[in-house]
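Student: I have a structure open and would like to go through parts of it. Can we take it step by step?

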Amino acid sequence: MTLALVTMSHSPLLDHAEPPAEVAGAVQGAFADARAFVEDYDPTLVVSFAPDHYNGFFYDLMPPFCIGYEAVGVGDYGTTEGPLNVPAERAEELAQWVADRDIDVAISRRMEVDHGAIQPLEILFGGIDTVPTIPVFVNGVAEPFVTMRRVRRLGETIGGFLATLKDERVLVLGSGGLSHDPPVPQWATAGEAVRAMLLDGRHPTAAARDARQQRVIDTAKAFTAGTATIRDLNPEWDRALMATFASGDLAPVDAMTPRQMAEDAGNSAHEVRTWVAAFAALGAAGPYEVEHSFYRPIREYIAGFGVMAARTAA
Ligand SMILES: O=C(O)/C=C/c1cccc(O)c1O
Ligand SMILES: [Fe+2]
């Protein structure tokens, strides 16, 4: 049984910032390579590991992981709004498989997903309902965080299930990271109004959404100009982590701690949990080979921006 993988940074600033043409062109080239890889593999099923940014998951009930039986894009930053094409029975089988193997995972019969889940589907498939997709939420912004070993085990367990699907060609996606520190609010430092949003800020007014998004766009401009107070990108950290993923031995990620990750690579570096889960899932089907690897630190996008594509070795 073979599996294939694409992991990619996302950034809502892709459509709201203008890096030098050479940089934007290089990113678009990496997307084109990933698209060609996916077209060649021609998946029949996608399992998408993605974080959320207080658009679908809030502190009134914040699970570390959640498998969606149905899902709907909320349309933040102009991303596609509406239902994903989720094969509900497969998603139920997956959740049961995971539960049977001692991993406690939430499920949702109406998961709301944001640019973290939507952007890779738009980039790779041109839409959010073209290929059946099981969305798996992996918390990457809201403390407390489970251990990285736990994330790796979730990925391995899901990969074990996918490897049994002899009639499917499964593509696993990981969305987010790498080093970056966009101004996503945090409970510990938030005032009363922002805490109310973090608690249950579903379905904001258009004006409230615009204000929140404008703050991120303005921060990206300031970051590019060197005047923002957010943590800098960390290309060394990013490249070392990508080398670990390429090596096929994910054991070193178990030693990464949330505190050190935030210190080294910013508060949103926790989004790399989606990459860990995706690579662990891929590895569950056997040794793999990386076919595409792209990396650039891009301040305009507030992202150590990476794209990798890999598949089970022949
Ligand atoms: O506005 C948000 O919630 C997040 C924005 C953002 C910016 C840059 C990189 C990312 O991964 C993001 O989610
Ligand atoms: Fe993000």
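This is a predicted model: local features need pLDDT of at least 70, side-chain atom pairs count only at pLDDT 80 or more; totals for chains, interfaces and linings use all residues.

Student: At what angle do the axes of H4 and H9 cross?

Tutor: Roughly 40 degrees, and the two axes come within 7 Å. H4 covers residues 148–162 and H9 covers residues 273–283.

Student: What do you call H4 relative to H9, then?

Tutor: Oblique. The crossing of H4 with H9 is right-handed.

Student: Which residues meet there?

Tutor: On the H4 side they include Met-148, Val-151, Leu-154 and Ile-158. On the H9 side, Val-276, Phe-279 and Leu-282 are among them. By class, the contact has 12 nonpolar, 3 polar and 3 charged residues.

Student: Moving on to the largest nonpolar core. Which residues touch the most other members?

Tutor: Leu-5, Val-6, Val-172, Val-276, Ala-278, Ala-281 and Leu-282, out of 85 residues in that core. H9 gives the largest share, 8 residues.

Student: What is Val-172 in contact with?

Tutor: Apart from neighbours within four places in sequence, Val-172 contacts Leu-3, Leu-5, Val-47, Ala-278, Ala-281 and Leu-282.

Student: New topic: is Asp-218 buried or exposed?

Tutor: Exposed, because 12 other C-beta atoms lie within 10 Å, and 12 or fewer counts as exposed. Asp-218 belongs to helix H6, residues 206–225.

Student: How many residues apart along the chain are Asp-218 and His-16?

Tutor: 202, with their C-alpha atoms separated by 9.9 Å.

Conventions:
Residues are numbered from 1 along each chain as its sequence is written. Chains are lettered from A and ligands numbered from 1 in the order in which they are written. Axes are lines fitted to C-alpha atoms, for helices over the stretch in contact, and angles run from 0 to 180 degrees between N-to-C directions. Helices (H or I, at least four residues) and strands (E, at least two) are DSSP runs, numbered from the N terminus. Angles under 35 degrees count as roughly parallel, over 145 as roughly antiparallel, 65 to 115 as roughly perpendicular and the rest as oblique. A crossing is left-handed if the near helix is turned anticlockwise from the far one by less than a right angle, and right-handed if clockwise. Two residues are in contact if their C-beta atoms, placed from the backbone, lie within 7 Å. Ala, Val, Leu, Ile, Met, Phe, Trp, Tyr, Cys and Pro count as nonpolar, Asp, Glu, Lys and Arg as charged, and the others, Gly among them, as polar. A nonpolar core is a set of buried Ala, Val, Leu, Ile, Met, Phe, Trp, Tyr and Cys residues joined through C-beta atoms within 7 Å. A residue is buried if 20 or more other C-beta atoms lie within 10 Å of its own, exposed if 12 or fewer, and partly exposed in between; C-beta atoms are placed from the backbone.
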